[in-house]
Amino acid sequence: MKTRNVFALGALLLVPAFTAGAQFTAVVAPPPAQKQAVAEAAAKAEVPRDTGRRATLQAMSAWVDSVAGVPAPSAIVSDSVAGDVVVGTDSTPAPVEQAPATTRFADGVRAPDTASPLPFLLVAGLGALLFGGWLLVTGRREAPVPAVRPPRAS
Amino acid sequence: MRPRVAAGVAFVVAGSALVAWAGNSYARGWLSQERARSAWEQRVARAEVERGRALANGSAAPGGAAEGAPVARLLIPKIGLDDIVLEGVTPVALNGGPGHLPGSALPGSKGNAVISAHRDRHFKRLGELIIGDTVETQTINTRVTWTIVGRKVVSREAPVIRTEPGEVLTLTTCWPIGYLGGAPDRLILRAVPVGRARAVGVATNAEQSPR
């Protein structure tokens with residue numbers, strides 16, 4: 001086996017193990033769906049759309065901002081019936097709410113988090129140990145290539 | 001040093017570190033459980049002496065114990081479990097033994113007593129229990145025999161912990177038991193009391209005299 005392949009195989013074994021190990025200690029929130037942000041912005045745009053052209057344009061701006069992931073400032077639009085109405089155009093998509101780990105009893109909480117990374121780490125460690133041992137044993141068995149000297153011309 | 005040998009050394013070192021870390025955690029958990037057992041025996045002995053005074057009226061107040069303190073003893077003969085339940089469900093508490101969810105009732109008190117543990121340690125055989133099996137709990141004042149009346153597997157996000165008007169014991173752990181990694185589900189066992197006795201001279205399997 002080439003040395004390059006050995007390192008590649010090693011990286012394939014170790015990197016997923018450490019990555020998966022990290023997932024046990026941190027809650028990784030899935031990225032908010034882009035379609036949801038667009039739908040929310042479009043829903044908000046429905047309110048001022050009936051009141052005037054200016055409001056519609058501002059809502060469009062919010063919609064564009066939401067797609068780009070830039071929070072838009074609040075806008076004051078003129079309503080055709082009432083006076084100035086502050087329309088919240090905060091188009092930043094709300095983070096996906098993930099219930100915190102249950103540490104105290106309350107009605108309707110989820111079961112306590114009993115997930116443990118130890119079995120996985122133990123298996124990954126034993127695997128790395130075995131693989132490393134195999135590399136050591138087979139690496140030392142390989143006889144060094146003798147240097148061949150060209151015959152001296154006499 | 002040849003690259004192959006160097007890679008082998010790197011793998012051996014990394015593997016050893018992982019195994020040592022996991023082994024250290026298991027060892028600390030085992031030591032913590034032994035300390036909890038000793039503390040439980042001392043507490044039972046004190047309660048025997050002081051019975052009729054501060055602790056005479058039912059079980060101790062829920063949530064009154066400090067984090068990591070022994071609050072009960074859990075026995076499940078079918079799976080050979082005999083562990084001291086510690087207060088709290090934090091990783092440190094769960095490493096030492098089954099954890100009592102703070103704020104929930106203590107076993108033997110009115111309400112829902114919730115006890116959770118890791119599936120790779122104290123509750124590794126919890127999946128073998130079926131409806132009708134017997135569980136026993138001992139607090140300072142009461143020894144309660146429970147029978148399992150409900151068994152279900154739910155998503156880990158499911159809101160399964162509920163307030164109960166009567167006495168209920170809820171045992172939870174991760175599911176599937178043999179899953180490698182963050183288990184996606186939870187095994188929930190629900191038990192109701194079928195017998196009760198005053199906890200007198202509670203001793204552990206070793207029948208050690210309280211120190």
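In the predicted model, Glu87(B) stands opposite His100(B) of strand β3(B). The model is a prediction in which local features require pLDDT of at least 70 and side-chain atom pairs count only at pLDDT 80 or more, whereas totals for chains, interfaces and linings use all residues. Residues are numbered from 1 along each chain as its sequence is written, and chains are lettered from A and ligands numbered from 1 in the order in which they are written.

Chain B comprises 2 helices and 8 strands, where helices (H or I, at least four residues) and strands (E, at least two) are DSSP runs numbered from the N terminus. Their order from the N terminus is α-β-β-α-β-β-β-β-β-β. Of the 211 residues of this chain, 42% are buried, that is, 20 or more other C-beta atoms, placed from the backbone, lie within 10 Å of the residue's own.

Strand β2 (residues 81-87) of chain B has 5 of its 7 residues buried and is therefore largely enclosed by the rest of the structure. Strand β1 (residues 70-76) of chain B pairs with β2(B) in the antiparallel sense over 6 bridges, pairing being assigned if DSSP finds at least two bridges between two strands. Ile76(B) has Leu81(B) in β2(B) as its bridge partner. The two strands, β1(B) and β2(B), form a hairpin with 4 residues between them, and Gly80(B) in the turn adopts a positive phi of about 65 degrees.

Strand β3 (residues 99-100) of chain B runs parallel to β2(B), to which 2 bridges join it.

Methods. Buried ≥ 20, exposed ≤ 12 C-beta atoms within 10 Å, placed from the backbone.
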